[in-house]
Amino acid sequence: MRARVSWTLVLAAFLALPPFQRDRVEEMGFREIFRIERMRVDPALTQALRSRWDTEANAFVFPWGHMIPSLEDVSQITGLRVHGKAVSGYTYPCYHDLAERLLDLPVERRSSLVPRVALQESLGLFEAGKNAGESEDEYLERLARVSRRELASEPGPQADLDLCRFLVLFLGRLLFATRGDTVHCRFLPLLADLGEVGGYAWGAAFLAHQFDGLSASERQTSTSGFYPFLQVWAYLHLPTLRRGDLTRPGLVPIAHHWDSRRDTCHLADQLERLQEAIDSYPYLDVVWQPYLGEGDEGQPWLVQARPYFGRSVWLHALNLRSLGLRQSVVEFPVCDWFRRPGRSFRGLHDTTYWRERAHEQIENWERKGKGVRSDATTDDAYLQAYALKYGGKVDVTGEIASLRALLQSAVQDREAAHRQTTELQSELERVRGTGAGSASSSRSARGSPSLMEARLAGAVLRAEEAQRHLEERERDLELAHE
């Protein structure tokens with residue numbers, strides 16, 4: 001099923017829930033994702049990003065270096081909780097009994113899939129097709145109105161059944177959707193106790209699922225799951241691509257700000273144009289830290305998530321394993337910290353307890369991984385290793401890619417040194433002016449101005465020398481690049 005249709009159906013079911021049920025969903029940490037406006041799907045952008053994905057490093061490979069979607073991106077863009085217990089538990093070869101007990105829906109023996117149509121109809125979504133001439137808002141309103149008639153209006157066993165069915169639809173057809181028309185039951189064991197659902201780090205599992213989906217075939221052009229995440233990630237980090245419109249600034253989460261820009265060109269033409277735009281993207285327009293000006297006000301999920309930001313940590317989503325790394329800690333060669341369970345294993349032939357099978361990764365998550373530290377003083381070593389490794393995989397030669405990246409780094413270093421020199425010179429002038437106009441009693445109270453002047457003068461000289469060195473390095477790199 002198309003991603004946009006899946007989102008409309010899930011949103012209609014959420015809007016159909018009575019207020020007390022919506023409160024329960026919001027307490028589970030899913031409130032913000034249902035505040036995000038429906039967004040136009042951009043398969044060309046998703047495909048262009050997918051073609052740059054390196055499954056070994058779990059990172060996008062661009063001409064200027066690695067870029068990796070992070071837990072901070074998930075928290076800022078979607079509002080999902082990335083703190084809490086790892087999304088882990090049992091997977092079974094057959095979910096027949098569990099689905100019958102928790103969903104009151106038929107699942108075939110030796111099956112892990114619940115029929116999508118039966119699940120939708122259990123929530124009152126019988127007529128899921130869009131009528132001719134019906135607008136998106138009218139379509140959503142009609143679906144919600146019909147669904148509302150079938151749902152329990154008061155708390156009780158039937159309301160719990162409705163909520164469990166809704167969560168399976170939400171998780172299986174939106175947050176962790178896979179290709180095809182069926183809904184996987186792998187998250188069903190975690191819904192047995194609805195009071196525990198909010199304690200899981202669903203946002204971290206979502207990021208693991210994104211990594212797994214990006215590692216699929218490059219030929220896959222369709223988009224499943226919560227597609228706005230990657231689209232908004234690209235809008236924030238690569239704004240010069242101009243694939244999104246900032247239509248609702250100031251709202252949270254950040255995905256609420258944006259809509260996809262309409263492009264009427266053929267998909268193949270869009271993709272070719274995007275690939276060329278990425279290859280020639282101006283390095284100064286790459287936004288590495290788009291959230292520097294964003295505060296935490298009105299975002300309690302963000303405050304609780306901050307201890308997980310800027311750390312190298314294993315992510316877990318039952319039988320999907322992904323190593324979550326920030327760009328600044330990508331090393332060559334990339335190595336796993338732990339023995340990774342076989343990727344082809346899907347838990348369909350044996351009952352598997354993932355907290356035991358992946359116990360090292362789970363413990364790593366519970367310890368919040370490890371802090372990111374680097375002893376490097378410049379980017380040269382990383383960029384040279386990057387060009388050596390990926391020179392044949394990007395559309396420019398390794399040597400030119402390396403020189404361009406080094407030159408860009410030198411420009412940024414020189415600009416930073418210039419700013420520092422200017423600040424030190426201003427401070428030196430201020431201290432000199434203060435010393436000339438101050439009384440001796442003021443000097444004795446605040447320290448010797450001459451000593452402060454000497455220290456600042458020395459710092460200015462060192463800064464000017466470093467700036468000259470960086471200017472020379474920049475000129476050498478410009479000549480080498482030419």
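Strand β2 (residues 59-62) is covered on both faces: Ala59 and Val61 on one side, and Phe60 and Phe62 on the other, are all buried. Buried here means under 20% relative accessible area, exposed means over 50%, and partly exposed lies in between, with a 1.4 Å probe and protein chains only. Strands (E, at least two residues) and helices (H or I, at least four residues) are DSSP runs, numbered from the N terminus. The model is predicted: local features need pLDDT of at least 70, side-chain atom pairs count only at pLDDT 80 or more, and totals for chains, interfaces and linings use all residues. Residues are numbered from 1 along each chain as its sequence is written, and side-chain values use heavy atoms, with hydrogens and water left out.

**The sheet around β2**

Three strands form an open, antiparallel sheet in the order β1-β2-β3. Its edge strands are β1 and β3, each of which pairs on one side only. Two strands pair if DSSP finds at least two bridges between them. Strand β1 (residues 53-54) and β2 are joined in the antiparallel sense by two bridges. Across this pairing, tryptophan 53 is opposite phenylalanine 60 in β2, and aspartate 54 is opposite alanine 59 in β2. The hairpin of β1 and β2 has four residues between the strands, and asparagine 58 takes a positive phi near 50° there. Valine 61 has histidine 66 in β3 as its bridge partner, and the hairpin from β2 to β3 runs through two residues.

**The chain as a whole**

The protein chain contains 18 helices and 12 strands. Of its 482 residues, 50% count as buried. Among contacts (heavy atoms within 4.5 Å) between residues at least 6 apart in sequence, 75% join residues at least 24 apart.

**Two helices**

Helix α7 (residues 136-148) has 13 residues, which should span 18 Å at 1.5 Å a residue; the end C-alpha atoms are 18 Å apart, which agrees. The expected span is 1.5 Å times one less than the number of residues. The buried residues of α7 are Tyr139, Leu140, Arg142, Leu143, Ala144 and Ser147.

Helix α9 also has 13 residues and reaches 18 Å from its first C-alpha to its last, close to the expected 18 Å. Because 12 of the 13 residues of α9 are buried, this helix is largely enclosed by the rest of the structure. Among the buried residues of α9 are Trp202, Phe206, His209, Asp212 and Leu214.

**Aromatic pairs**

A pair of aromatic rings is described by the distance of the centres and the angle of the planes. Rings of Phe, Tyr and Trp (its six-membered ring) pair if their centres lie within 6.5 Å; planes under 30 degrees apart count as stacked, over 60 as edge-to-face and the rest as tilted. By this rule there are 27 aromatic pairs. Two of them are set out below.

| Pair | Centre distance | Plane angle | Class |
|---|---|---|---|
| Phenylalanine 30 and tryptophan 202 | 6.2 Å | 55° | tilted |
| Tyrosine 235 and tryptophan 258 | 5.3 Å | 40° | tilted |

Phenylalanine 30 lies in helix α2 (residues 19-30) and tryptophan 202 in helix α9 (residues 202-214), so this pair ties together parts that are 172 residues apart in sequence. Phenylalanine 30 counts as buried, at 1% relative accessibility, and tryptophan 202 counts as buried at 1%.

The other pair links tyrosine 235 in helix α10 (residues 228-237) to tryptophan 258 in strand β8 (residues 258-260), 23 residues apart. Tyrosine 235 is buried at 4% relative accessibility, and tryptophan 258 is buried at 13%.

Ring pairs also link Phe14, Phe30, Phe34, Phe166, Phe170, Phe176, Phe187, Tyr200 and Trp202 into a cluster. Lysine 85 lies over the face of tyrosine 200, at 4.5 Å from the ring centre; a charge sits over a ring if NZ of Lys or CZ of Arg is within 6 Å of the ring centre and within 35 degrees of the ring normal.

**Nonpolar cores**

In soluble globular proteins, nonpolar side chains tend to be buried together. A nonpolar core is a set of buried Ala, Val, Leu, Ile, Met, Phe, Trp, Tyr and Cys residues joined through side-chain atoms within 4.5 Å. The largest has 119 residues, of which Phe30, Phe34, Leu71, Phe166, Phe170, Leu188 and Trp202 touch the most other members. Helix α8 (residues 157-175) gives the most to this core, with 10 residues. Not counting residues up to four places away in sequence, phenylalanine 34 touches Val10, Leu11, Phe14, Val25, Phe166 and Phe170.
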